[in-house]
Amino acid sequence: MRSSFKLSKSSSSDKLNKSKSSICSPTSLSTKKKEVQENDHLVVCFGELLIDFVPTLSGVSLSEAPGFKKAPGGAPANVAVGIARLGGSSAFIGKVGEDDFGHMLADILKQNNVDNSGMRFDTNARTALAFVTLRADGEREFMFFRNPSADMLLTEAELDKDLIHKVSEDEITFLTEGEDAFDDNVVMTKLFHSNLKLLLVTEGGDGCRYYTKDFHGRVNGIKVTAVDTTGAGDAFDEKKLRDALFFANGCGAITVTEKGAIPALPTKEAVLKILDGATTN
């Protein structure tokens, strides 16, 4: 399972594309701007939303797979749906193609109680597709079909500013300029800053690390039999933080037991059940 890091009050995102592109605004999507302004706990996720094609048989190459299961995904969208399923309030900002897949993804967010009013539809680019290779242990590799895809073409002018009135071990290594991503001093020096309240570094099946200006630590993962690790790292005073991270680890553990990302995201009840009897140390 790949590691990742998240910053408090932020999410994974692609760089904004400054070039012009033809879009179709989502006239059929409900807008909840008043609710957004009144909700101080809204989590806005920004970036990719795509279709994962997951092989029905693990441990084979893409060419050898007998078939594929269509599953909605994309790290920011996974986070948004995960929050909503756990009883929180979330919104998604991003772009998909003006095609059947794009509208299917918009509907899936709406069905999962995610505010999708920040979505845009591009008439000249397709919704992103990713074919996933699953190893026998559930780990995966991706083959993306982007030329470019719509999620890469969101412009600054298309952002719904009413929604905003407020990454893996590989990514951390990049951000720390090649220094040891597992060294707490390196993480605090390279990534933490005075305006940041919380920095999380997820470590796949091993759990996650947390950093604040006053303390830092680590919470173990939950051991399960992994089927598909897609979306697992997107699912998440010190004691309260450790409890929250332990809960997030439970979310990730459940997510890897089914194929696909969004379809495998758990409810609060399912997480509490798997945590019963587990320990944080």
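In the predicted model, Asp122 lies in strand β7, which spans residues 115–122. Asp122 has a relative accessibility of 1% and therefore counts as buried, the limit being under 20%. The side chain of Asp122 makes a polar contact of 3.3 Å with the side chain of Lys95.

An open sheet is built from 4 strands, in the order β5-β4-β8-β9. The pairing within this sheet is mixed. From one strand to the next, the twist averages 25 degrees. Strand β4 (residues 50–55) runs antiparallel to β5, and 6 bridges join the two. Pro55 has Phe68 of β5 as its bridge partner. Helix α3 (residues 100–111) packs on the sheet and touches β4, β5 and β8 (129–134). The direction of α3 makes about 95 degrees with that of β4.

Arg146 is placed in the loop between β9 (140–145) and α4 (169–175). Two polar contacts involve the Arg146 side chain. One is made with the side chain of Glu48, at 2.6 Å. Another is made with the side chain of Ser149, at 3.2 Å. With residues up to four places away in sequence left out, Arg146 touches Glu48, Leu50, Ala128, Asp151 and Met152. Ala128 is 18 residues from Arg146 along the chain, and their C-alpha atoms are 6.0 Å apart.

Notes:
Residues numbered from 1 in each chain as written. Predicted model: local features only at pLDDT ≥ 70, side-chain atom pairs only at ≥ 80, totals over all residues. Heavy atoms only, no water. Contact = heavy atoms within 4.5 Å. Polar contact = N/O pair within 3.5 Å; in protein donor to acceptor, adjacent residues only side chain to side chain. Buried < 20%, exposed > 50% of the residue type's maximum accessible area, 1.4 Å probe, protein only. Pairing = 2+ DSSP bridges. Axes fitted to C-alpha atoms, helices over the stretch in contact; angles between N-to-C directions.
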